[in-house]
Amino acid sequence: MSRPEPHGISRRSILRGAAVAGAAAAASPLLNLATAGPAFAVGDPAPAPDGTTGSYTIRFDQAAKQTIKGLGFEIQSDSIASGNAGLPTEATGVPYDLTTSERTRFYQQMLKAGRSDHGFRYCRLALGLYHRGVDPTGKYFIDRYAGQTALLADMIQQAGIEGVSAEYWSPAPAWKANNSLIGRGATLASFTPAALSALGDAMVADLNYLSSRNVPISMWGLQNEPSALADYSTCYYTGDNYRKTFLAVAPKIKAAYPNAMIHVASQDGWDGKQGSTIRNTPAANALVDAWTYHRIGKDSTEQITRNFTTGADGRPVFNNEFEYLNNEFTPEFQCINTAQSIMNWMTFQNSPTWFWLHALKPTTNSESLGYGLGFWRPPSDTNFSHFPNIPAGHWDFNPRHWNAVNGFLKYMPWDSVRYGVDKPLAGDGLPYRDHRIMAWRTPAGKPVLVITNRNPTTPFTYTINTQTAGAFQGIRFGPTTNNQGIETKTGPTLTITVPPRSIEFWIGPA
């Protein structure tokens with residue numbers, strides 16, 4: 001069974017030691033990203049002994065398993081230093097840096113994935129990091145540059161996003177012991193009841209600032225990675241101090257925003273040192289709507305071999321941050337593994353959503369290759385020796401990640417309903433690792449299935465009883481393939497041979 005990383009270590013801080021390698025990777029021209037992987041990766045897990053064929057039955061004749069709300073992403077609406085090594089004073093971010101036409105293209109082509117209605121449902125907003133302007137008292141977050149929140153509101157409206165997952169990387173500096181957003185191990189200045197009550201009022205005011213400017217609040221989190229020791233915005237909480245703060249603040253959030261999902265602990269869910277103190281305190285546990293994990297760049301097999309729901313007390317569990325740090329797997333493996341991470345969180349953990357880290361990362365950050373679904377060039381970046389095809393104020397896709405996520409945005413609309421699939425088992429009694437399947441009906445009733453082949457060299461043949469007569473259209477994705485129509489097959493039984501390192505969506509009749 002895979003184990004979580006040691007507490008107290010920020011995953012992102014690992015990048016500081018890999019900045020040179022990451023900068024070299026980021027220097028590769030964008031058009032070569034899908035194949036320019038060897039210097040960036042140390043290799044992939046050995047292929048699983050799944051065989052080359054499998055028989056499956058989609059149980060549309062049985063009760064549905066869950067409703068899938070939709071996917072989430074994070075937006076970098078302000079600056080962070082390359083390698084996550086600090087907070088520059090430069091005002092830069094998206095959609096701020098993009099030209100007017102590039103903003104529209106970003107909303108339409110990425111955030112809506114070319115759909116006419118919705119693509120992503122949730123936008124993760126890092127308070128104290130990517131929304132970090134402070135008022136004169138130092139207690140409240142406001143815009144750091146003119147029009148910052150208005151641009152976010154426009155993005156949400158044009159892209160059809162439901163709302164933000166507002167989450168603190170650090171409270172405003174006046175609440176901190178070091179009066180700063182950054183500082184390794186920095187904590188709140190006081191944990192007295194009066195101080196925590198005042199902090200709760202300030203955090204409600206932060207949400208009011210956003211919502212009054214047309215940024216809806218869909219989720220709220222007290223602290224990103226509360227055990228982190230990092231050079232970007234953080235606030236460190238022991239388990240007991242997290243419990244005290246949560247008990248003081250969460251009721252105020254719940255009263256002011258009763259429809260917002262309150263999640264814990266944006267790192268290790270219910271079984272980390274912060275989450276476990278909440279779970280073991282009935283008054284705090286009653287305030288939890290969901291448990292959130294960061295399983296950053298993990299092999300998707302983890303969702304098969306580890307049960308994240310056993311201590312969830314019936315609340316949803318989901319991953320609200322996924323990306324790849326340096327030296328993790330080849331680009332080809334990353335692409336299929338990311339798709340399988342989405343599928344396996346939903347299939348084996350019944351997750352209602354799943355978040356990729358960043359929609360766009362800047363051409364100036366060494367971590368951008370592993371973090372971004374795409375890249376944008378800030379106006380200040382005049383070094384065209386890297387990403388030469390991206391002009392200032394423009395953006396482009398990062399194929400290894402975008403091609404993994406795009407199909408779910410296109411073909412799994414909000415509130416699609418997942419159904420079970422009878423499937424073969426490997427010799428150890430567990431499902432196949434490199435060959436995954438998930439099936440759902442869209443809200444309009446259209447049957448859809450997605451299948452993968454993570455094996456690097458060998459095709460895999462699925463024989464699938466869809467229990468659905470009619471034509472199914474195949475659409476293929478992969479490290480260098482995006483939304484490619486392949487062929488039409490007629491159900492109810494489909495025999496599909498999937499090439500190595502491929503993801504295929506099969507769209508059934510209306």
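I take a residue as buried under 20% relative accessible area, as exposed over 50% and as partly exposed in between, with a 1.4 Å probe and protein chains only. I work on a predicted model, in which local features need pLDDT of at least 70, side-chain atom pairs count only at pLDDT 80 or more, and totals for chains, interfaces and linings use all residues. I number residues from 1 along each chain as its sequence is written, and side-chain values use heavy atoms, with hydrogens and water left out.

**Entry 1: helix H11**

I took helices (H or I, at least four residues) and strands (E, at least two) as DSSP runs numbered from the N terminus. In helix H11 (residues 399-411), 13 of the 13 residues are buried, so the helix is largely enclosed by the rest of the structure. I then checked its length, for which the expected span is 1.5 Å times one less than the number of residues. The 13 residues of H11 should span 18 Å, and the end C-alpha atoms are 18 Å apart, which agrees. I also looked for a bend, meaning the angle between axes fitted to the seven residues ending at a residue and the seven starting there. H11 has a kink of about 30 degrees, centred on valine 405.

**Entry 2**

I counted two strands as paired if DSSP finds at least two bridges between them. Ten strands form an open sheet with mixed pairing, in the order S11-S10-S9-S8-S7-S4-S3-S12-S13-S14. Strand S11 (317-321) and strand S14 (395-397) are the edges; each has a single partner strand, so one side of each is left without a neighbour in the sheet. For angles I used lines fitted to C-alpha atoms, for helices over the stretch in contact, with values from 0 to 180 degrees between N-to-C directions. Direction ignored, neighbouring strands of this sheet are turned by 30 degrees against each other on average.

Strands S4 (residues 122-127) and S7 (residues 163-168) run parallel and are joined by six bridges. Leucine 127 has tyrosine 168 in S7 as its bridge partner. With contact meaning heavy atoms within 4.5 Å, I found helix H5 (residues 239-256) packed on the sheet, touching strand S8 (217-221) and strand S9 (261-267), its direction at about 155 degrees to that of S9. Helix H9 (residues 331-349) also packs on the sheet, touching strand S10 (290-294), S11 and strand S12 (355-362), and its direction makes about 155 degrees with that of S11.

I returned to S11: five of its five residues are buried, so the strand is largely enclosed by the rest of the structure. Four bridges pair S10 with S11 in the parallel sense, and tryptophan 291 has valine 317 in S11 as its bridge partner.

**Entry 3: strand S1**

Five bridges pair S1 with strand S19 (residues 460-478) in the parallel sense, with threonine 53 opposite threonine 461. Two bridges join S1 to strand S16 (residues 421-422), and these two strands run antiparallel; isoleucine 58 stands opposite valine 421.

**Entry 4: aromatic rings**

I paired rings of Phe, Tyr and Trp (its six-membered ring) with centres within 6.5 Å, planes under 30 degrees apart being stacked, over 60 edge-to-face and the rest tilted. My search of the whole structure gave 30 aromatic pairs. Tyrosine 237 and tyrosine 242 are edge-to-face, at 5.8 Å centre to centre and 85 degrees between the planes. The rings of tryptophan 354 and tryptophan 356 have centres 6.4 Å apart and planes at 35 degrees, so this pair is tilted.
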